[in-house]
Amino acid sequence: MRFKMPMAAALAVMFAITCGTSAPASDEPKRGGILTYMIPADGGPSLDGHRETTYAVLHATAPFYSVLIRVNPDDPASTTDFVCDLCTEMPQPTDNGLTYTFKIRQGVKFHDGTPLTAHDVAASWRKIVSPPPGVSSARANNFVMVDKIEDPDDTTVIFRLKFATLSFLPALADPYGFIYSKAILDKDMHWYEKHIMGSGPFKLESYEIGQSIKGVRNPDYYHPGQPYLDGFVAIFAPKQAVRVDAIRADRAALEFRGLPPSARDQLVKELGDKITVQESDWNCGNVLTPNNSRPPFDDVRVRRALFLAIDQWHGAPALSKIATVRTVGGIVFPDSPLAATKEELEKLPGYWPDIEKSRAEARRLLKEAGQENLSFEMLNRNVDQPYLIVGTWLVDQFSKIGVKVTQKVVPTGPWLDTMRRGDFSVALEANCQNIVNPIADVGRYLPHDRYSENFAYHKDPVQVQLYDQMLRETDMTKARVLMREYERQTIDVGAHQLMVTWWYRIVPMRSYVKGWKISPSHYLNQDLANIWLDK
């Protein structure tokens with residue numbers, strides 16, 4: 001069953017996406033075969049989807065799990081078309097938008113043969129919404145509107161909200177919302193950090209850390225006829241050349257995250273009709289994060305100077321030729337009605353139209369702060385697209401104001417662990433979201449004590465107040481005004497973090513891969529249940 005959100009017309013504009021997809025096959029899906037795909041990383045810090053935010057975890061684990069609701073896998077470019085996965089029917093909210101009641105499918109089994117009930121769903125969501133001490137949830141801040149979660153019987157889960165908000169249902173469709181076994185969680189809340197056991201379309205066959213993960217078809221999967229594949233093999237490979245060579249030689253069919261234009265053009269030229277390409281704007285972009293608690297970056301003048309050094313208006317078009325980036329934007333996905341216009345952006349540091357004037361101001365601020373000879377190490381992720389390319393470009397940008405920067409490039413796990421420890425001066429990270437849900441998406445810029453995966457380590461009660469007002473605002477015009485104030489507080493007044501170019505998603509794949517459709521997020525539509533191989 002599907003559910004069209006209220007204000008669908010307005011919310012749909014938040015997700016104005018250009019997608020290029022191949023023509024649908026006229027044949028019925030074929031059963032069988034093993035899909036091999038690449039994951040452009042060397043693994044994630046843990047296997048727990050509730051804890052992690054990286055695609056390196058999701059692309060490896062999503063096929064093993066079920067979720068409560070999801071974006072329609074046949075229309076993943078929609079922000080308003082939500083469908084049930086484990087529920088039987090999308091609910092209409094009651095009590096003036098404060099109560100959502102879900103009925104849960106009967107007969108669903110975990111891969112160990114135990115039944116999945118509403119109690120497992122409720123326990124999983126309680127872990128996400130309000131984790132106990134010592135347990136990390138990357139998305140707890142997305143659910144500050146939730147008052148309590150009830151499971152009165154085996155087939156019913158009730159979410160009761162503190163206040164009505166437009167952001168709740170899209171947040172509930174988060175693809176990381178894996179449903180875990182309550183019995184396991186009751187014994188050990190950390191068990192899923194190192195183990196996999198769900199109820200999704202595939203069962204775990206094997207996992208070699210940093211090498212590969214394999215799944216086999218779940219014969220008890222509850223969506224009739226799915227999955228079509230006999231199984232899958234996902235291979236971890238952080239280097240782009242390795243991944244492109246694998247697709248070229250047909251050792252792998254694709255990578256789901258995205259490749260740059262040069263790789264697309266190369267594969268199309270060499271393989272012709274053996275390759276199809278899907279493209280989309282991407283709800284993802286790099287974020288420059290100074291550690292606001294570490295000198296000299298505890299001085300707002302120094303942070304603002306770094307932002308003023310960057311020429312995004314000329315840099316983005318040049319970078320787009322070699323990297324998976326394209327659009328200059330603020331903290332909100334550029335095509336959203338809540339996003340800043342170009343004129344509004346040009347008032348913020350990091351977006352001034354006159355780059356010479358901007359850099360002169362940066363030098364003045366550094367001199368005023370006593371940091372004319374500033375040098376530092378920038379933490380970066382060992383992923384070429386686009387982290388290493390954008391990082392190298394930023395090093396050059398900082399040199400224009402006399403700042404000397406070296407990059408410390410580490411694998412995904414240590415990169416995240418280092419930021420979580422606060423053991424860095426400046427980091428290049430990313431804000432990558434799934435469903436375009438602007439108010440929830442910008443919650444990641446809140447202080448660390450409010451959003452645990454924000455590594456700026458700043459304090460800003462004004463920023464928190466603005467966000468809380470915006471979260472409770474149901475009028476889009478008023479929400480937009482609050483968003484501009486919140487954005488200015490984040491980038492200018494506090495100079496806590498800076499969005500550095502939004503990405504563009506290009507997915508070349510072997511033409512025998514059918515059934516999968518691109519979305520503006522590399523997190524959506526990744527359980528592989530609807531993929532089949534035409535060979």
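Reader: So buried means under 20% relative accessible area, exposed over 50%, and partly exposed in between (1.4 Å probe, protein chains only). Which one is Ser375?

Author: Ser375 is partly exposed, since its relative accessible area is 49%. This is a predicted model, where local features need pLDDT of at least 70, side-chain atom pairs count only at pLDDT 80 or more, and totals for chains, interfaces and linings use all residues. Residues are numbered from 1 along each chain as its sequence is written, and side-chain values use heavy atoms, leaving out hydrogens and water.

Reader: What's Asn431 in contact with, leaving aside neighbours within four places in sequence?

Author: Asn283, Cys284, Gly285, Val287, Asp441, Arg444, Tyr445 and Met499. Contact means heavy atoms within 4.5 Å.

Reader: Okay, helices now. How do α8 and α11 cross?

Author: At roughly 155°, with the axes of α8 (residues 300-308) and α11 (residues 355-368) coming within 8 Å. That's why α8 and α11 are roughly antiparallel (angles over 145 degrees).

Reader: Which α8 residues meet α11?

Author: Arg301, Val302, Arg304, Ala305 and Leu308. Their partners in α11 include Ile355, Ser358, Ala362 and Leu366.

Terms used. Axes are lines fitted to C-alpha atoms, for helices over the stretch in contact, and angles run from 0 to 180 degrees between N-to-C directions. Helices (H or I, at least four residues) and strands (E, at least two) are DSSP runs, numbered from the N terminus. Angles under 35 degrees count as roughly parallel, over 145 as roughly antiparallel, 65 to 115 as roughly perpendicular and the rest as oblique.
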